[in-house]
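Welcome! Take a moment to look over the model below, then read on for a short tour of its inner spaces and one spot on its surface.

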Amino acid sequence: MKSDQFSSTNSNRLYQMIIPIVLVGLALFPFSEPPVYFISFVFWIFLYVCLSSSWNLIGGYAGYLSFGHVAFFGIGAYATAMFGKIFSLSVSLTLLGTIPAGLIASLIAIIVGYPCLRLRGPYFAVITLCFAFVSQLTVKNLEILGGADGLWLKTMDVSVEINRTIFYELMLALTSVTVLVSFLVGRSKFGAGLRAIKEDEEVAQTMAVNAPRLKITAFALSAFFPGVAGGIYACYLSYIHPDVVFDVNMSILQVLMALFGGASSWIGPVVGAVSLTVVNEGLSTFVKAELARIIYGCLFIVVIVFMPNGILEFFSRRTKRIDN
Amino acid sequence: MSLSATLTGHDIDKSFGGLKALSKFSFEVKAGEILGLIGPNGSGKTTLFNLISGLFHPDSGKIEFEGANITHESPHLIASLGVARTFQIVRPLRDLDLIENVAIAVVYGRNGISQMQVARAKAFEILEFTGLSHRARRYPGELALEDLKRLEVARALASNPKVLLLDEVFAGLNPKEISTAIELVYKIKETYRVAIIMIEHVMKAIMTACSRVIALHHGVKLCDASPMDVANHPEVIRAYLGAGYAGN
């Protein structure tokens with residue numbers, strides 16, 4: 001008991017030392033004048049860390065595997081784009097619209113979650129996947145949203161380097177907040193309740209955990225950050241299309257990243273998103289494309305078969321066993 | 001005040017399809033009382049617990065807790081008012097260690113708190129009380145049945161209940177374990193002044209621990225009396241052993 005508390009404060013202190021250094025380092029990275037490619041690449045890593053960390057709030061902590069989370073990303077992207085279009089705003093003002101866009105995503109999550117969160121396991125996974133398809137089709141068929149042509153946004157009147165740097169910093173800020181929220185939720189009473197729901201919802205209820213309310217809160221919170229991220233992404237690309245911002249692959253990828261790293265902690269999705277994005281990019285660059293896909297697929301199989309709780313838990317259990 | 005009933009049920013009916021699990025069942029239990037609930041398999045004991053804790057709702061009848069009607073309330077609300085239960089087939093939260101299992105009940109229970117750290121300290125005290133403190137950082141999968149039953153009790157206690165529903169916490173234990181478990185139940189009654197309803201097949205536990213016993217058979221109450229009277233009641237003997245033994 002005592003030694004446990006001691007080691008946990010020790011690791012806390014370690015985090016308090018390392019995290020600010022890492023964040024400052026990441027924030028300064030674009031100013032070391034790296035090739036633009038690297039700035040975009042790290043931007044993508046941030047985006048996926050943000051997506052899988054926010055997915056983890058409902059999927060990892062509460063065990064409700066949402067396979068349609070890209071819908072919130074798409075909704076955020078379109079909400080921001082429309083905000084800019086309706087008021088014909090400049091890019092920097094349009095970016096202010098990402099916050100209301102996130103709130104709209106949360107609101108839709110509450111409306112969709114109210115009936116859907118009564119379903120469990122595979123039923124919930126399937127219905128959320130359907131929700132993503134339905135929202136994609138809806139946007140595709142709404143003329144006011146540009147339909148199948150997509151939507152153009154204004155571009156910033158600056159050089160590519162500066163443009164990329166601005167969006168890099170924005171995504172870094174959003175991702176940091178997302179990971180911080182995920183970390184705080186994990187330690188809180190709220191997070192403890194979600195864990196109880198994941199383990200056994202009926203038992204959780206008899207322990208006075210208000211499961212319906214906790215689930216919907218987690219779902220709404222986990223929709224907010226993808227909503228904002230979608231908005232930033234829309235401004236970043238300056239063109240959005242239903243096939244891009246509602247891409248089901250993105251849904252599946254954020255789930256896999258969280259599960260790959262380990263969905264029961266805040267750090268799991270971070271590790272999963274970073275490592276998979278790097279591996280994927282590395283493979284596509286250095287290995288033939290066809291072979292890259294095969295290796296990527298095999299990697300997933302190995303992790304799912306041998307490390308069902310993610311790579312982090314696999315290695316931490318290993319070390320624990322050695323300690324004992 | 002202390003003499004008024006904490007939990008009462010009036011004319012509770014519950015059917016599953018054509019099967020009447022409980023019919024016109026009434027009961028009451030007061031603070032500081034240990035009420036035993038006996039009956040052959042399928043007589044409706046666990047159904048009653050599921051109805052009280054809100055996992056099922058009765059077809060008709062009324063359940064009241066401290067004068068408030070809780071018949072159709074949801075399980076989490078009933079639990080937060082102060083009705084805690086254990087499960088006959090133990091249901092620990094398997095991926096969480098014992099401290100976390102109990103701490104979650106502390107934060108969400110009656111007069112819950114929001115600080116997980118404080119809750120963990122309180123959870124440790126409760127594990128100490130139930131004799132599990134030496135396993136506080138273990139996972140349920142590493143525990144034997146006796147300790148898992150204790151964990152069920154610890155978790156129920158952690159939600160700071162006024163009524164404790166114990167569903168066969170002695171089943172599957174050996175005689176020595178039963179004795180320590182009975183002591184634990186006494187200790188709970190003395191320390192926490194809760195009303196306890198316990199479902200039990202182990203007669204030693206019923207006879208020593210309970211102040212009053214209700215016998216159920218096919219969902220109907222056979223009698224409601226002192227343990228000795230219930231054990232000698234002809235209807236009860238007939239239900240358990242057959243009509244031939246219930247003579248004179």
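A cavity here is a set of points on a 1 Å grid over the protein atoms alone where a 1.4 Å probe fits but cannot get out, and its lining residues have an atom within 4 Å of a point. This is a predicted model, in which local features need pLDDT of at least 70, side-chain atom pairs count only at pLDDT 80 or more, and totals for chains, interfaces and linings use all residues. Residues are numbered from 1 along each chain as its sequence is written, and chains are lettered from A in the order in which they are written.

**Second largest cavity**
- Its lining includes Val203(A), Thr206(A), Phe87(B) and Glu152(B).
- H5(B) gives the largest share of this lining, three residues.
- By class, the lining has five nonpolar, two polar and three charged residues.

**Largest cavity**
- The structure holds two cavities of 30 Å³ or more, and the largest has a volume of about 100 Å³.
- Of its 13 lining residues, those closest to the centre are Arg150(B), Val153(B), Val169(B), Ala181(B) and Leu184(B).
- H6(B) supplies the largest share of the lining, five residues.

- Val22(A) lies in helix H1 (residues 2-28) of chain A.
- Val22(A) counts as partly exposed because its relative accessibility is 44%, where partly exposed lies between buried (under 20% relative accessible area) and exposed (over 50%), with a 1.4 Å probe and protein chains only.

Methods:
Side-chain values use heavy atoms; hydrogens and water are left out. Helices (H or I, at least four residues) and strands (E, at least two) are DSSP runs, numbered from the N terminus. On a 1 Å grid over the protein atoms alone, a cavity is a set of points where a 1.4 Å probe fits but cannot get out, and a pocket is an open set with protein on both sides within 12 Å along at least five of seven lines; lining residues have an atom within 4 Å of a point. Grid points are joined across faces, edges and corners, and a volume is the space filled by probe spheres set on the points. Ala, Val, Leu, Ile, Met, Phe, Trp, Tyr, Cys and Pro count as nonpolar, Asp, Glu, Lys and Arg as charged, and the others, Gly among them, as polar.
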